[in-house]
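Here's a quick, friendly briefing on one protein chain. Have a look at the structure first, then read through the points below.

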Amino acid sequence: MKEWMLREASNLNALQEGGTFRRTLWKRIQSMVTPLLAYMVSILDRDYNLNLLVKPTTEDCVKDLWLFIFNELKLLDIPYVMGQSSAQTKPIQVQNEMEVSTGAGNKMPFSWRIKDYLEDLRVQAQHVSKNEAHGEKFLDIFQQTPLGQQLARYTEEEKTIFFYYYARDFIILAMGVTSERELNMLQVALLSSIEEMKATSSSAEAGVSSLPWVHLAYHQFRSRLQNFSRILAVYPEVLCTLEQRENKGSCMLQSQMVLDVFAALACTEMLSSAVLKQNARAWLQQVKNLQMPIELACAANCSQGSRSQCSQMLQEVKSQWNVIFSMSLFVEHVLLGTEMLIPELKDLVKKHIIQLKNCFQLNVFIVLMSE
């Protein structure tokens, strides 16, 4: 500190500009400290994180964890990179990835930092265990960290709050969400993935799941979760059907990752019922938009065996999609071609399309009943 003050005191240009040594020193301190403080605030308030301390609805345990993380150097050891002096006067952008709805923010304190921290631990566990049973090693490492030890001190109810809050924030950070409805469905999908994974794991603990399970399940079911998100994005009409199923409290939805299969099946049913009931080109575009996600859903691997309900639904999706895809080819090359070349035959072609659809569906029914 003395060396810095001596260096500043010997800066004649700065002294001439400031007038006095005290004024010059004060201006220099401001130019050095203000950007640092602004950077600290931008870190602390990322995703409206500071709001958790002032919201009257925030649980006491959440505020307590917020302060713990704030005091934990291993979690918030974020280096400050000194920029050019001219750049330090520019406004610092406070990042926010939680804009799902107006005024939305994170639920879990410093969730973005916890996510990065746990990902580092997961990679470390993979390296140590050489990818063999790295999940168990990951859980073990986490329990030994200050964060894991702190979370272990809370009650079961408080642990449940943290788990669900973190799962919510993780989905937004890892996948990107455009609405609360989409977020709710993705959260159900992730939680069911966790339950399915725990059911086959020897390292699953009793009681509330710990935070690493969110990462383990996400990476295990990553392609299916992302494909499910893609279905919701390109065909949001399916949300109503999924919400109705979820509201019924199906045990299957809670214990198995099947929402992507449900979504694909609902899409095929809705597309099938919409044939010729809307603009043919619009319907055809919906089929093209859904082609990739539904074909990916058909390739999903149900872990409960070939006779499970999930596998049976997958078979139905494949059969229904074959019908839809065949119908789309007929609509594209026959109906639209007829409308362009021989418009007077359009009604006749539509009549035969309906007959073709009924034949296809009868064939699907026979195939499914014979299995």
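**A quick tour**

L36 lies in helix α3, which covers residues 21–44; helices here (H or I, at least four residues) are DSSP runs, numbered from the N terminus. Keep in mind that this is a predicted model, where local features need pLDDT of at least 70, side-chain atom pairs count only at pLDDT 80 or more, and totals for chains, interfaces and linings use all residues. Residues are numbered from 1 along each chain as its sequence is written, and side-chain values use heavy atoms, with hydrogens and water left out.

- L36 is partly exposed, at a relative accessible area of 32%; buried means under 20%, exposed over 50%, and partly exposed in between (1.4 Å probe, protein chains only).
- Together with V33, L37 and M40, L36 forms a nonpolar patch on the surface, with about 310 Å² of accessible area in total.
- A patch takes residues with over 30% relative accessible area and no salt bridge, joining like charges within 9 Å and nonpolar side chains (Val, Leu, Ile, Met, Phe, Trp, Tyr) within 5 Å.
- Accessible areas come from the Shrake-Rupley method with a 1.4 Å probe, and for residues only the protein chains shown count as cover.

**Salt bridges**

- Side chains of opposite charge can pair when their charged atoms come close.
- How many salt bridges turn up in a search of the whole structure? The search finds 6, each being a side-chain nitrogen of Lys or Arg within 4 Å of a carboxyl oxygen of Asp or Glu.
- One of them joins E119 and R122 (3.2 Å, N to O), and both residues are buried.
- E119 and R122 sit about one helical turn apart, because they are 3 residues apart in helix α6 (residues 111–129).
- Another pairs E243 with R181 at 2.8 Å, N to O. E243 is in helix α13 (residues 238–247) and R181 in helix α10 (residues 180–199), so this pair ties together parts that are 62 residues apart in sequence.
- K288 and E332 also meet in a salt bridge (3.6 Å, N to O). K288 belongs to helix α16 (residues 280–298) and E332 to helix α17 (residues 309–341), so the pair links parts that are 44 residues apart in sequence.

**A tucked-away valine**

- Leaving aside residues up to four places away in sequence, V331 touches A280, W283, L336 and I353; touching means heavy atoms within 4.5 Å.
- V331 and V349 are 18 residues apart in sequence and 9.2 Å apart in space, C-alpha to C-alpha.

Notes
Helix = DSSP H or I, 4+ residues; strand = E, 2+ residues; numbered from the N terminus.
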